[in-house]
Amino acid sequence: MSDQLAGGQRLFIGGEWIEPGGGHYEVVNPATEGVVGLAPEASREQVHAAAGAAREAFATWSRTTPEERATVLDRAAQIMERDFAPYAELAQAESGATTGTARGMQVAVAVARFKRYAKGALEPVETGLPPQINEAGPMGKAGVVGALTVRQPVGVVTCITSYNNPWANPAGKVAPALAMGNTVLVKPAPQDPLSVYRMAAALEEAGAPPGVVNVVSGARPEVGEAAVDSRDVDMVSFTGSTSVGQRIAEVCGRDMKRQLMELGGKGAALVFEDADLDSAVAGIGTTFSFYSGQICTAPTRVIAHRAVHDDLIEKLKQYIGYMKVGDPREKGTIVGPVISAAHRDRIESYVELGRKEGARVVAGGERPASFERGFYVAPTLLADCTNDMRVVREEIFGPVVVVVPFEDEEEGIALANDSDYGLLDYVWSGDVARAFRVARRLRAGGVGVNTIGRNMEAPFGGFKKSGVGRDVGSYALHAYSELQSIVWPG
(Lines give C-alpha, C1' and ligand atoms only; values in the text may rest on other atoms or scores of the structure.)
Protein backbone atom coordinates (compact mmCIF):
# COMPACT_ATOMS: atom_id res chain seq x y z
CA MET A 1 0.00 0.00 0.00
CA SER A 2 2.77 2.51 0.81
CA ASP A 3 4.15 2.35 -2.72
CA GLN A 4 0.73 3.37 -4.04
CA LEU A 5 0.88 6.71 -2.24
CA ALA A 6 3.93 7.82 -4.19
CA GLY A 7 1.94 7.81 -7.43
CA GLY A 8 -1.42 8.17 -5.78
CA GLN A 9 -3.78 5.76 -4.04
CA ARG A 10 -5.55 3.21 -6.23
CA LEU A 11 -9.15 2.07 -6.14
CA PHE A 12 -9.98 -1.34 -4.67
CA ILE A 13 -12.37 -3.22 -6.95
CA GLY A 14 -12.95 -6.96 -7.10
CA GLY A 15 -9.83 -7.70 -5.07
CA GLU A 16 -7.58 -5.63 -7.37
CA TRP A 17 -5.90 -2.27 -6.84
CA ILE A 18 -6.88 -0.30 -9.94
CA GLU A 19 -5.80 3.04 -11.37
CA PRO A 20 -8.67 5.54 -11.21
CA GLY A 21 -10.37 6.65 -14.39
CA GLY A 22 -10.61 10.24 -13.22
CA GLY A 23 -7.07 10.75 -12.02
CA HIS A 24 -6.26 11.90 -8.49
CA TYR A 25 -6.97 14.80 -6.17
CA GLU A 26 -5.12 16.09 -3.13
CA VAL A 27 -6.11 15.18 0.44
CA VAL A 28 -5.27 18.20 2.57
CA ASN A 29 -4.22 18.22 6.23
CA PRO A 30 -6.65 20.62 7.98
CA ALA A 31 -4.02 21.63 10.53
CA THR A 32 -1.15 22.44 8.17
CA GLU A 33 -2.83 22.72 4.74
CA GLY A 34 -0.12 20.37 3.49
CA VAL A 35 -0.87 17.47 1.17
CA VAL A 36 -1.39 14.16 2.97
CA GLY A 37 -1.63 12.08 -0.19
CA LEU A 38 -3.36 11.69 -3.54
CA ALA A 39 -6.81 10.11 -3.51
CA PRO A 40 -8.26 8.37 -6.56
CA GLU A 41 -11.16 9.85 -8.52
CA ALA A 42 -13.25 6.95 -9.77
CA SER A 43 -15.17 7.10 -13.01
CA ARG A 44 -18.88 6.30 -13.02
CA GLU A 45 -18.12 3.09 -14.91
CA GLN A 46 -15.61 2.02 -12.25
CA VAL A 47 -18.13 2.60 -9.47
CA HIS A 48 -20.65 0.44 -11.29
CA ALA A 49 -17.95 -2.17 -11.88
CA ALA A 50 -17.27 -2.22 -8.13
CA ALA A 51 -20.96 -2.78 -7.45
CA GLY A 52 -20.92 -5.58 -10.01
CA ALA A 53 -17.93 -7.18 -8.31
CA ALA A 54 -19.79 -7.03 -5.00
CA ARG A 55 -22.85 -8.63 -6.64
CA GLU A 56 -20.74 -11.47 -8.02
CA ALA A 57 -19.01 -12.04 -4.67
CA PHE A 58 -22.32 -12.04 -2.79
CA ALA A 59 -23.29 -15.38 -4.30
CA THR A 60 -20.51 -17.18 -2.41
CA TRP A 61 -19.89 -14.88 0.62
CA SER A 62 -23.55 -15.06 1.65
CA ARG A 63 -23.24 -18.85 1.83
CA THR A 64 -20.11 -18.93 3.98
CA THR A 65 -20.50 -20.14 7.54
CA PRO A 66 -20.77 -17.62 10.38
CA GLU A 67 -17.48 -18.99 11.69
CA GLU A 68 -15.70 -18.20 8.41
CA ARG A 69 -16.99 -14.64 8.43
CA ALA A 70 -16.08 -14.23 12.10
CA THR A 71 -12.53 -15.36 11.38
CA VAL A 72 -12.03 -12.74 8.66
CA LEU A 73 -13.39 -9.94 10.84
CA ASP A 74 -11.30 -10.98 13.83
CA ARG A 75 -8.14 -11.20 11.73
CA ALA A 76 -8.84 -7.73 10.32
CA ALA A 77 -9.10 -6.39 13.87
CA GLN A 78 -5.74 -7.97 14.73
CA ILE A 79 -4.12 -6.37 11.67
CA MET A 80 -5.53 -2.98 12.65
CA GLU A 81 -4.08 -3.43 16.14
CA ARG A 82 -0.73 -4.40 14.65
CA ASP A 83 -0.62 -1.25 12.50
CA PHE A 84 -2.40 0.95 15.03
CA ALA A 85 0.21 3.74 15.17
CA PRO A 86 0.48 4.51 11.44
CA TYR A 87 -3.29 4.21 11.05
CA ALA A 88 -3.84 6.77 13.82
CA GLU A 89 -1.19 9.06 12.33
CA LEU A 90 -2.90 8.95 8.94
CA ALA A 91 -6.34 9.53 10.47
CA GLN A 92 -5.02 12.56 12.31
CA ALA A 93 -3.41 13.98 9.19
CA GLU A 94 -6.55 13.52 7.10
CA SER A 95 -9.19 14.63 9.60
CA GLY A 96 -7.36 17.11 11.83
CA ALA A 97 -8.27 15.12 14.93
CA THR A 98 -6.25 15.48 18.10
CA THR A 99 -3.90 12.64 18.97
CA GLY A 100 -6.21 11.34 21.67
CA THR A 101 -9.21 11.40 19.36
CA ALA A 102 -7.39 9.79 16.43
CA ARG A 103 -6.15 6.97 18.62
CA GLY A 104 -8.96 6.48 21.11
CA MET A 105 -12.08 7.51 19.22
CA GLN A 106 -11.17 6.63 15.65
CA VAL A 107 -8.82 3.67 15.18
CA ALA A 108 -9.48 2.06 18.58
CA VAL A 109 -13.23 2.20 18.04
CA ALA A 110 -12.82 0.65 14.59
CA VAL A 111 -10.86 -2.24 16.11
CA ALA A 112 -13.53 -2.69 18.78
CA ARG A 113 -16.29 -2.76 16.19
CA PHE A 114 -14.58 -5.41 14.08
CA LYS A 115 -14.12 -7.52 17.19
CA ARG A 116 -17.74 -6.96 18.20
CA TYR A 117 -19.09 -8.10 14.85
CA ALA A 118 -16.72 -11.05 14.65
CA LYS A 119 -18.77 -12.22 17.63
CA GLY A 120 -21.93 -10.84 16.04
CA ALA A 121 -21.50 -13.13 13.05
CA LEU A 122 -22.12 -16.02 15.44
CA GLU A 123 -25.37 -14.63 16.86
CA PRO A 124 -28.46 -16.73 16.04
CA VAL A 125 -30.38 -15.61 12.98
CA GLU A 126 -33.37 -17.92 13.50
CA THR A 127 -36.24 -17.43 15.93
CA GLY A 128 -38.99 -19.97 16.46
CA LEU A 129 -42.55 -18.70 16.83
CA PRO A 130 -45.36 -20.40 18.78
CA PRO A 131 -47.28 -22.85 16.58
CA GLN A 132 -50.68 -21.70 15.32
CA ILE A 133 -53.76 -23.93 15.35
CA ASN A 134 -55.86 -23.35 12.24
CA GLU A 135 -59.48 -24.34 11.75
CA ALA A 136 -60.50 -26.08 8.53
CA GLY A 137 -61.47 -23.60 5.83
CA PRO A 138 -60.82 -22.38 2.30
CA MET A 139 -57.06 -22.49 2.93
CA GLY A 140 -57.04 -26.18 3.80
CA LYS A 141 -57.63 -28.73 6.50
CA ALA A 142 -57.48 -28.05 10.20
CA GLY A 143 -54.01 -28.39 11.60
CA VAL A 144 -51.05 -26.91 13.36
CA VAL A 145 -48.71 -24.60 11.47
CA GLY A 146 -45.20 -23.96 12.70
CA ALA A 147 -43.25 -20.79 11.92
CA LEU A 148 -39.67 -19.63 11.93
CA THR A 149 -38.19 -16.21 11.26
CA VAL A 150 -34.77 -16.09 9.61
CA ARG A 151 -32.61 -13.00 9.11
CA GLN A 152 -31.07 -13.10 5.64
CA PRO A 153 -28.42 -10.76 4.22
CA VAL A 154 -29.79 -7.88 2.17
CA GLY A 155 -27.25 -8.25 -0.64
CA VAL A 156 -24.90 -5.54 -1.88
CA VAL A 157 -24.64 -2.61 0.52
CA THR A 158 -23.28 0.78 -0.46
CA CYS A 159 -21.65 2.39 2.59
CA ILE A 160 -21.23 6.16 2.26
CA THR A 161 -19.21 7.38 5.22
CA SER A 162 -18.72 10.67 7.05
CA TYR A 163 -15.56 12.78 7.18
CA ASN A 164 -15.54 13.33 10.95
CA ASN A 165 -14.42 9.78 11.71
CA PRO A 166 -12.66 7.93 8.87
CA TRP A 167 -12.21 4.76 10.94
CA ALA A 168 -15.08 4.25 13.39
CA ASN A 169 -17.83 5.27 10.99
CA PRO A 170 -16.84 2.94 8.13
CA ALA A 171 -16.18 0.12 10.62
CA GLY A 172 -19.68 0.57 12.04
CA LYS A 173 -21.10 -0.11 8.60
CA VAL A 174 -18.69 -2.57 6.99
CA ALA A 175 -18.21 -4.95 9.95
CA PRO A 176 -21.89 -5.71 10.69
CA ALA A 177 -22.75 -5.82 6.99
CA LEU A 178 -20.04 -8.43 6.35
CA ALA A 179 -20.96 -10.33 9.51
CA MET A 180 -24.48 -10.81 8.15
CA GLY A 181 -23.17 -12.14 4.82
CA ASN A 182 -23.54 -8.99 2.72
CA THR A 183 -20.89 -7.63 0.39
CA VAL A 184 -20.03 -3.93 0.39
CA LEU A 185 -19.19 -1.02 -1.85
CA VAL A 186 -17.64 1.71 0.30
CA LYS A 187 -17.64 5.32 -0.85
CA PRO A 188 -15.58 7.31 1.70
CA ALA A 189 -15.97 11.01 2.38
CA PRO A 190 -13.82 12.92 -0.15
CA GLN A 191 -11.92 14.81 2.56
CA ASP A 192 -10.30 11.78 4.24
CA PRO A 193 -10.62 8.59 2.16
CA LEU A 194 -7.09 7.23 2.56
CA SER A 195 -7.84 5.63 5.93
CA VAL A 196 -10.69 3.64 4.41
CA TYR A 197 -8.33 2.16 1.84
CA ARG A 198 -6.15 0.99 4.76
CA MET A 199 -9.21 -0.72 6.21
CA ALA A 200 -9.80 -2.45 2.87
CA ALA A 201 -6.15 -3.57 2.78
CA ALA A 202 -6.51 -5.01 6.29
CA LEU A 203 -9.59 -6.97 5.19
CA GLU A 204 -7.78 -8.19 2.09
CA GLU A 205 -4.88 -9.41 4.23
CA ALA A 206 -7.35 -10.98 6.64
CA GLY A 207 -8.73 -13.19 3.87
CA ALA A 208 -11.82 -11.39 2.63
CA PRO A 209 -12.41 -12.89 -0.84
CA PRO A 210 -12.20 -10.66 -3.93
CA GLY A 211 -15.28 -8.49 -4.37
CA VAL A 212 -16.51 -8.81 -0.80
CA VAL A 213 -15.12 -5.35 -0.02
CA ASN A 214 -14.74 -2.66 -2.67
CA VAL A 215 -13.68 0.97 -2.12
CA VAL A 216 -14.15 3.81 -4.59
CA SER A 217 -13.60 7.47 -3.86
CA GLY A 218 -13.94 10.82 -5.53
CA ALA A 219 -14.45 14.50 -4.92
CA ARG A 220 -17.13 14.76 -7.61
CA PRO A 221 -20.80 14.14 -6.71
CA GLU A 222 -21.06 11.70 -9.61
CA VAL A 223 -19.07 9.08 -7.68
CA GLY A 224 -21.55 8.99 -4.82
CA GLU A 225 -24.48 9.10 -7.21
CA ALA A 226 -23.18 6.06 -9.10
CA ALA A 227 -22.69 4.18 -5.83
CA VAL A 228 -26.37 4.76 -5.04
CA ASP A 229 -28.05 4.33 -8.43
CA SER A 230 -26.27 1.13 -9.52
CA ARG A 231 -28.81 -1.62 -10.21
CA ASP A 232 -26.48 -4.04 -8.41
CA VAL A 233 -26.94 -2.21 -5.08
CA ASP A 234 -29.65 -3.47 -2.72
CA MET A 235 -29.15 -1.11 0.23
CA VAL A 236 -27.54 2.23 1.02
CA SER A 237 -26.11 3.02 4.45
CA PHE A 238 -25.33 6.73 4.70
CA THR A 239 -23.95 9.01 7.39
CA GLY A 240 -23.96 12.71 6.60
CA SER A 241 -26.14 15.74 6.17
CA THR A 242 -29.91 15.61 6.02
CA SER A 243 -29.99 17.38 2.66
CA VAL A 244 -27.76 14.76 1.02
CA GLY A 245 -29.66 11.98 2.78
CA GLN A 246 -32.91 13.24 1.29
CA ARG A 247 -31.46 13.12 -2.22
CA ILE A 248 -30.16 9.59 -1.64
CA ALA A 249 -33.55 8.49 -0.33
CA GLU A 250 -35.24 9.80 -3.48
CA VAL A 251 -32.94 7.69 -5.66
CA CYS A 252 -33.37 4.63 -3.43
CA GLY A 253 -37.13 5.00 -3.67
CA ARG A 254 -37.10 4.38 -7.42
CA ASP A 255 -35.95 0.79 -6.94
CA MET A 256 -37.19 0.32 -3.34
CA LYS A 257 -33.63 -0.05 -2.08
CA ARG A 258 -33.28 -0.48 1.65
CA GLN A 259 -31.87 2.47 3.57
CA LEU A 260 -30.06 3.16 6.82
CA MET A 261 -29.70 6.92 7.29
CA GLU A 262 -27.80 8.61 10.12
CA LEU A 263 -28.29 12.27 9.37
CA GLY A 264 -28.05 15.64 11.06
CA GLY A 265 -28.61 16.58 14.68
CA LYS A 266 -29.23 19.62 16.83
CA GLY A 267 -29.21 17.95 20.21
CA ALA A 268 -31.11 19.67 23.01
CA ALA A 269 -29.59 19.71 26.49
CA LEU A 270 -32.36 20.43 28.99
CA VAL A 271 -30.75 21.75 32.18
CA PHE A 272 -33.16 22.02 35.12
CA GLU A 273 -32.83 24.22 38.16
CA ASP A 274 -31.69 21.30 40.35
CA ALA A 275 -29.04 20.03 37.90
CA ASP A 276 -25.41 19.47 38.76
CA LEU A 277 -24.13 22.37 36.67
CA ASP A 278 -20.53 21.19 36.65
CA SER A 279 -21.64 17.86 35.20
CA ALA A 280 -23.84 19.58 32.63
CA VAL A 281 -21.07 21.98 31.60
CA ALA A 282 -18.56 19.14 31.21
CA GLY A 283 -21.03 17.25 29.04
CA ILE A 284 -22.00 20.20 26.90
CA GLY A 285 -18.34 21.18 26.64
CA THR A 286 -17.59 18.07 24.61
CA THR A 287 -19.39 19.82 21.78
CA PHE A 288 -16.36 22.02 21.42
CA SER A 289 -13.72 19.33 21.75
CA PHE A 290 -14.70 16.09 20.01
CA TYR A 291 -13.92 16.53 16.31
CA SER A 292 -13.91 20.32 16.87
CA GLY A 293 -17.69 20.34 17.13
CA GLN A 294 -18.10 18.26 13.96
CA ILE A 295 -20.31 15.67 15.63
CA CYS A 296 -24.03 15.13 15.15
CA THR A 297 -24.64 13.81 18.67
CA ALA A 298 -23.40 16.92 20.49
CA PRO A 299 -25.74 18.92 22.75
CA THR A 300 -25.35 22.12 20.75
CA ARG A 301 -28.73 23.54 21.77
CA VAL A 302 -28.73 24.24 25.52
CA ILE A 303 -32.17 24.85 26.99
CA ALA A 304 -31.54 26.24 30.47
CA HIS A 305 -33.99 26.89 33.31
CA ARG A 306 -34.01 30.59 34.12
CA ALA A 307 -33.01 29.88 37.73
CA VAL A 308 -29.62 28.57 36.56
CA HIS A 309 -29.40 30.24 33.16
CA ASP A 310 -26.85 32.93 34.06
CA ASP A 311 -24.70 30.62 36.19
CA LEU A 312 -24.65 28.02 33.44
CA ILE A 313 -23.54 30.55 30.85
CA GLU A 314 -20.75 31.79 33.11
CA LYS A 315 -19.54 28.24 33.75
CA LEU A 316 -19.62 27.42 30.04
CA LYS A 317 -17.62 30.57 29.34
CA GLN A 318 -15.00 29.52 31.89
CA TYR A 319 -14.92 25.99 30.47
CA ILE A 320 -14.21 27.32 26.99
CA GLY A 321 -11.39 29.41 28.38
CA TYR A 322 -9.59 26.28 29.59
CA MET A 323 -9.67 24.56 26.21
CA LYS A 324 -6.52 24.96 24.18
CA VAL A 325 -7.10 25.49 20.46
CA GLY A 326 -4.11 24.44 18.43
CA ASP A 327 -2.09 21.93 16.48
CA PRO A 328 -3.77 18.55 17.04
CA ARG A 329 -0.36 16.87 17.28
CA GLU A 330 0.69 18.98 20.26
CA LYS A 331 0.18 17.74 23.79
CA GLY A 332 -2.59 19.58 25.58
CA THR A 333 -4.55 20.56 22.48
CA ILE A 334 -8.27 20.10 23.04
CA VAL A 335 -9.73 21.68 19.91
CA GLY A 336 -8.05 21.18 16.57
CA PRO A 337 -9.04 22.50 13.14
CA VAL A 338 -12.26 21.83 11.26
CA ILE A 339 -12.09 19.78 8.08
CA SER A 340 -11.70 22.50 5.42
CA ALA A 341 -11.52 26.20 4.69
CA ALA A 342 -15.00 26.08 3.20
CA HIS A 343 -16.43 24.55 6.36
CA ARG A 344 -14.58 27.05 8.53
CA ASP A 345 -16.13 29.87 6.50
CA ARG A 346 -19.57 28.28 6.83
CA ILE A 347 -19.27 28.08 10.63
CA GLU A 348 -18.09 31.67 10.86
CA SER A 349 -21.00 32.80 8.70
CA TYR A 350 -23.39 31.21 11.19
CA VAL A 351 -21.77 33.08 14.06
CA GLU A 352 -22.17 36.35 12.16
CA LEU A 353 -25.77 35.40 11.39
CA GLY A 354 -26.36 34.81 15.10
CA ARG A 355 -25.13 38.32 15.84
CA LYS A 356 -27.51 39.76 13.26
CA GLU A 357 -30.37 37.73 14.72
CA GLY A 358 -29.74 39.27 18.14
CA ALA A 359 -27.68 36.60 19.87
CA ARG A 360 -24.99 37.72 22.28
CA VAL A 361 -21.49 36.33 21.72
CA VAL A 362 -20.31 35.32 25.19
CA ALA A 363 -17.11 33.59 24.08
CA GLY A 364 -15.33 33.11 20.79
CA GLY A 365 -16.82 34.60 17.68
CA GLU A 366 -13.50 35.56 16.12
CA ARG A 367 -11.02 33.50 14.13
CA PRO A 368 -8.00 32.55 16.25
CA ALA A 369 -5.25 34.95 15.28
CA SER A 370 -2.24 32.83 16.20
CA PHE A 371 -2.37 30.44 13.24
CA GLU A 372 -0.91 31.30 9.87
CA ARG A 373 -2.14 28.02 8.38
CA GLY A 374 -4.89 25.58 9.21
CA PHE A 375 -8.66 25.76 9.39
CA TYR A 376 -9.17 26.84 12.97
CA VAL A 377 -12.41 28.12 14.49
CA ALA A 378 -12.72 29.66 17.94
CA PRO A 379 -15.15 27.76 20.20
CA THR A 380 -18.16 30.06 20.40
CA LEU A 381 -20.96 30.45 22.94
CA LEU A 382 -24.13 32.34 21.96
CA ALA A 383 -26.63 33.54 24.56
CA ASP A 384 -29.90 35.54 24.46
CA CYS A 385 -31.14 33.10 21.83
CA THR A 386 -34.72 32.29 20.86
CA ASN A 387 -36.04 29.20 19.15
CA ASP A 388 -36.86 31.00 15.91
CA MET A 389 -33.22 31.93 15.22
CA ARG A 390 -31.47 30.02 12.44
CA VAL A 391 -28.45 29.44 14.68
CA VAL A 392 -30.81 27.59 17.02
CA ARG A 393 -32.74 25.66 14.37
CA GLU A 394 -30.03 24.66 11.87
CA GLU A 395 -27.13 22.28 12.29
CA ILE A 396 -23.88 24.27 12.28
CA PHE A 397 -21.58 21.24 12.72
CA GLY A 398 -18.84 23.17 14.42
CA PRO A 399 -17.75 24.35 17.87
CA VAL A 400 -20.77 26.61 18.41
CA VAL A 401 -23.31 26.26 21.22
CA VAL A 402 -26.50 28.29 21.67
CA VAL A 403 -28.41 28.84 24.93
CA VAL A 404 -32.19 29.30 25.14
CA PRO A 405 -33.94 29.94 28.51
CA PHE A 406 -37.13 28.23 29.73
CA GLU A 407 -39.51 28.79 32.65
CA ASP A 408 -41.01 25.39 33.48
CA GLU A 409 -40.95 21.73 32.52
CA GLU A 410 -43.66 21.98 29.87
CA GLU A 411 -41.97 24.88 28.12
CA GLY A 412 -38.61 23.13 28.25
CA ILE A 413 -40.01 20.01 26.62
CA ALA A 414 -41.82 22.06 23.99
CA LEU A 415 -38.65 23.97 23.11
CA ALA A 416 -36.60 20.78 22.90
CA ASN A 417 -39.13 19.14 20.58
CA ASP A 418 -39.52 22.24 18.39
CA SER A 419 -36.85 21.08 15.96
CA ASP A 420 -36.57 19.34 12.61
CA TYR A 421 -34.01 17.03 14.21
CA GLY A 422 -34.25 14.30 16.81
CA LEU A 423 -31.03 12.32 17.13
CA LEU A 424 -29.76 12.61 20.72
CA ASP A 425 -31.12 14.84 23.46
CA TYR A 426 -29.94 15.21 27.05
CA VAL A 427 -31.54 15.96 30.43
CA TRP A 428 -29.71 17.18 33.51
CA SER A 429 -31.69 17.15 36.76
CA GLY A 430 -31.14 16.12 40.37
CA ASP A 431 -34.62 14.57 40.31
CA VAL A 432 -34.03 11.31 38.46
CA ALA A 433 -37.74 10.49 38.29
CA ARG A 434 -38.40 13.80 36.56
CA ALA A 435 -35.41 13.32 34.26
CA PHE A 436 -36.76 9.98 33.06
CA ARG A 437 -40.27 11.37 32.74
CA VAL A 438 -38.98 14.19 30.57
CA ALA A 439 -36.78 11.82 28.56
CA ARG A 440 -39.82 9.76 27.57
CA ARG A 441 -41.46 12.86 26.12
CA LEU A 442 -38.52 13.98 24.01
CA ARG A 443 -38.82 13.21 20.31
CA ALA A 444 -35.31 11.88 19.89
CA GLY A 445 -33.79 8.51 19.07
CA GLY A 446 -31.72 8.61 22.27
CA VAL A 447 -31.68 10.56 25.50
CA GLY A 448 -28.80 10.91 27.94
CA VAL A 449 -29.87 11.39 31.55
CA ASN A 450 -27.16 13.27 33.46
CA THR A 451 -24.55 11.94 31.03
CA ILE A 452 -23.25 12.22 27.50
CA GLY A 453 -22.10 8.60 27.70
CA ARG A 454 -23.33 5.95 25.31
CA ASN A 455 -24.18 2.29 25.77
CA MET A 456 -22.68 0.73 22.66
CA GLU A 457 -25.26 -2.07 22.59
CA ALA A 458 -28.20 0.38 22.63
CA PRO A 459 -29.86 1.18 19.29
CA PHE A 460 -28.63 4.35 17.62
CA GLY A 461 -30.59 6.49 15.19
CA GLY A 462 -32.91 9.44 14.96
CA PHE A 463 -36.47 10.67 14.83
CA LYS A 464 -37.69 13.14 12.22
CA LYS A 465 -35.02 14.45 9.83
CA SER A 466 -32.21 12.88 11.86
CA GLY A 467 -32.51 9.62 10.02
CA VAL A 468 -34.14 6.30 9.21
CA GLY A 469 -33.40 3.01 10.96
CA ARG A 470 -31.21 1.95 13.87
CA ASP A 471 -27.78 0.38 14.23
CA VAL A 472 -25.09 -0.34 16.88
CA GLY A 473 -24.88 -3.60 18.83
CA SER A 474 -27.11 -6.37 17.54
CA TYR A 475 -29.38 -3.74 16.01
CA ALA A 476 -26.76 -3.22 13.31
CA LEU A 477 -27.00 -6.90 12.40
CA HIS A 478 -30.76 -6.46 12.10
CA ALA A 479 -30.29 -3.31 9.98
CA TYR A 480 -28.19 -5.17 7.42
CA SER A 481 -30.60 -8.08 7.10
CA GLU A 482 -34.00 -8.92 5.68
CA LEU A 483 -36.51 -10.87 7.75
CA GLN A 484 -37.81 -14.04 6.14
CA SER A 485 -40.68 -16.19 7.44
CA ILE A 486 -40.75 -19.96 6.95
CA VAL A 487 -43.91 -21.92 7.82
CA TRP A 488 -44.70 -25.63 7.71
CA PRO A 489 -47.46 -28.04 8.78
CA GLY A 490 -46.94 -29.44 12.25
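A residue is taken as buried when its relative accessible area is under 20%. By this criterion both faces of strand β16 are covered in the predicted model. On one side lie V400, V402, V404 and F406, on the other V401, V403 and P405, and all of these are buried. The count for β16 is thus seven buried residues of seven, and the strand is described as mostly covered. In a regular strand the side chains alternate between the two faces of the sheet.

Strand β16 (400-406) has pairing partners that include β13 and β15. With β13 the pairing is parallel and extends over five bridges; here A304 stands opposite P405 of β16. With β15 the strands also run parallel, joined by three bridges, and T380 is placed opposite V400 of β16. Strands of a sheet pair through backbone hydrogen bonds, either parallel or antiparallel.

Strand β16 is also among the elements against which helix α10 packs through its buried residues. The others are β12 (268-271), β13 (301-305), α11 (306-322), β15 (380-383) and β18 (424-428). Helix α10 comprises residues 277-289. Its 13 residues reach 18 Å from the first C-alpha to the last, close to the 18 Å expected at 1.5 Å a residue. Because 10 of the 13 residues are buried, α10 is largely enclosed by the rest of the structure. The buried positions are L277, A280, V281, G283, I284, G285, T286, T287, F288 and S289.

The loop between α10 and β13 contains S292. The phi of S292 is near 55°, a positive value in a residue other than glycine. With a relative accessibility of 3%, S292 counts as buried. A second residue of this kind is V472, in the loop between β21 (467-468) and α16 (473-479). Its phi is near 80°, again positive in a residue other than glycine, and V472 counts as buried at 9% relative accessibility. Most residues other than glycine have a negative phi.

Helix α4 (residues 84-95) has 12 residues and spans 16 Å between its first and last C-alpha, close to the 16 Å expected at 1.5 Å a residue. Nine of the 12 residues are buried, so α4 is largely enclosed by the rest of the structure. These residues are F84, Y87, A88, L90, A91, Q92, A93, E94 and S95. Their cover includes the strands β3 (24-28) and β4 (35-40) and the helices α3, α5 (99-120) and α7 (194-206). Helix α4 is followed by G96, which has a positive phi near 80°.

Helix α3, part of the cover of α4, spans residues 66-82 and contains E68. At 43% relative accessibility, E68 counts as partly exposed. The C-alpha atoms of E68 and A121 are 9.0 Å apart in space, although 53 residues separate the two in sequence.

A further helix contact joins α2 (residues 44-61) and α8 (residues 221-229), which pack at an angle of about 30° with their axes 9 Å apart. The crossing of α2 past α8 is right-handed. On the α2 side the contact is made by R44, V47 and H48, and on the α8 side by E222, V223, E225, A226, A227 and D229. By class, the residues of this contact comprise four nonpolar, one polar and four charged.

An open sheet of three strands has the order β5-β6-β22, with antiparallel pairing. Strands β5 (126-134) and β22 (481-489) stand at the edges with a single partner strand each, so one side of each is left without a neighbour in the sheet. From one strand to the next the twist averages 25°. The antiparallel pairing of β6 (residues 143-153) with β22 extends over nine bridges, and P153 stands opposite S481 in β22.

Notes: Residues are numbered from 1 along each chain as its sequence is written. This is a predicted model: local features need pLDDT of at least 70, side-chain atom pairs count only at pLDDT 80 or more; totals for chains, interfaces and linings use all residues. Side-chain values use heavy atoms; hydrogens and water are left out. Helices (H or I, at least four residues) and strands (E, at least two) are DSSP runs, numbered from the N terminus. Buried means under 20% relative accessible area, exposed over 50%, partly exposed in between (1.4 Å probe, protein chains only). Two strands pair if DSSP finds at least two bridges between them. Axes are lines fitted to C-alpha atoms, for helices over the stretch in contact, and angles run from 0 to 180 degrees between N-to-C directions. A crossing is left-handed if the near helix is turned anticlockwise from the far one by less than a right angle, and right-handed if clockwise. Contact means heavy atoms within 4.5 Å. Ala, Val, Leu, Ile, Met, Phe, Trp, Tyr, Cys and Pro count as nonpolar, Asp, Glu, Lys and Arg as charged, and the others, Gly among them, as polar. The expected span of a helix is 1.5 Å times one less than its number of residues.
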